[in-house]
Amino acid sequence: MVDSTKPIQPSGRIPSGDLSVYTASDNETAKRYSCVNGPIIGGESVNVTPAGTPSGMPPRRSRKSRRSSSRGVRIAVISVASLLMVVLIAVGAVALFGSNQQSKTATSKPSQMIRESQGRASDKKEDVVSTMAAPKVDVDKKGDSIVSKLTQSGGTALRGKTVLVDPGHSGGSIPGHNVPDGRGGFKVCNNSGTATNDGYPEHTFNWDVAQRLKAKLEAAGAKVVMTRNNDSAAGPCVDERGKMSAQADVVVSIHANGTTNPAVKGYFALVSSPPLNEAQGQPSVDLAQSIMSALAAQGFAASPNYPQGLMKRSDIAGLNFSVKPAVMMELGEMRNPEEAAVMKTEAGRERYAVALFNGLADWAKTH
């Protein structure tokens, strides 16, 4: 409560130590006192500083003011601490995310380098033999589909071996004289073989498959000797081809059969029997079985005319004269429309070549 009974001192000074509230009726008089709360509006109560207060010393704040200031400081400290915590959490999250990204990058780079390395290695292999890893091939005829996945083995067992590849029969003008068959009889020197019903010749089929097989064998590190070097001229007679086996470790003669019954289909193998030397015995039978298994793996069917697809003959000069394991492969029936359709395509001939390669590679593992 304001005590309005105290008069303003004439001298213009407030008694020492007397901090009271006065009513200023005269603005000019009030201005002579040091006012804390700013200018005085006539008739309003103001706080003034006693005259005895030392110059420069701030006035004492009320308890309520001190409590308010303390609470403000605490709120400010809490706010700053909260802000720092948010900043620290954000920094930690960014660091964790960056670490994960670096881990993923570090993990993916080696895998990518391996894939690129494998891709380059694969490209180099395909430069040597484009059919080393042949894809799935569809061979169609009149809506019917023959499908087989071309899978070629590594053939590492063939490295350093010499293979005599005989593309059966010959093109061009062929001599018709007889030659020894190796058992005291005689055979015609050679001929052009059979053909499909629309004229695709066996000697051309044999030559194409032989060239494909040659490329694969050489890519696997084997040496290849061919019994003939083209499909346009007459090749060696059958007895001479058999004698060329002395230059090799193993012999494969490539043929296709010409049974007149178009319903007959399937592959079969011929070996010399009874054997005239050790090589014509079990090693030759093993070779035949390895190649027939590889043909089956390529989706081809065995002929039902021969037990286990094996035919034993005593009159085949090329086999009788061989001094190394040898087999004559009749890869299919050219008069059968379905098999003829396969033989006339590059994809089909590739399948046959892959099977021959795989069969030789499998045989070489144990011989």
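Which residues is Asn320 in contact with, leaving aside its neighbours within four places in sequence? The legends below take up this question and others.

**Figure 1. Overview of the predicted model.** This is a predicted model, in which local features need pLDDT of at least 70 and side-chain atom pairs count only at pLDDT 80 or more, while totals for chains, interfaces and linings use all residues. Residues are numbered from 1 along each chain as its sequence is written, and side-chain values use heavy atoms, with hydrogens and water left out. The protein contains eight helices and twelve strands (DSSP runs numbered from the N terminus: H or I of at least four residues for helices, E of at least two for strands). Of its 367 residues, 38% count as buried (under 20% relative accessible area, with a 1.4 Å probe and protein chains only).

Figure 2. Asn320 belongs to helix H6, residues 317-320. Its relative accessible area is 5%, so Asn320 is buried. Leaving aside neighbours within four places in sequence, its contacts (heavy atoms within 4.5 Å) are Asp181, Gly182, Arg183, Ser272, Leu276, Gln280, Ser314 and Asp315.

**Figure 3. The largest pocket.** Strand S9 (250-257) is among the elements that supply at least two lining residues each, and S9 gives the largest share, five residues.

**Figure 4. Helix H3 and its packing.** Helix H3 (residues 202-219) has 18 residues and reaches 26 Å from first to last C-alpha, close to the 26 Å expected at 1.5 Å a residue (the expected span is 1.5 Å times one less than the number of residues). Its buried residues include Phe205, Trp207 and Leu213. The buried residues of H3 pack against S5, strand S8 (223-226), S9, S12, helix H7 (337-343) and H8. Just after H3, Gly221 takes a positive phi of about 95 degrees.

**Figure 5. Helix H8.** Helix H8, residues 346-364, reaches 27 Å from its first C-alpha to its last, close to the 27 Å expected. H8 is largely enclosed by the rest of the structure, because 16 of its 19 residues are buried.

Methods. Buried means under 20% relative accessible area, exposed over 50%, partly exposed in between (1.4 Å probe, protein chains only).
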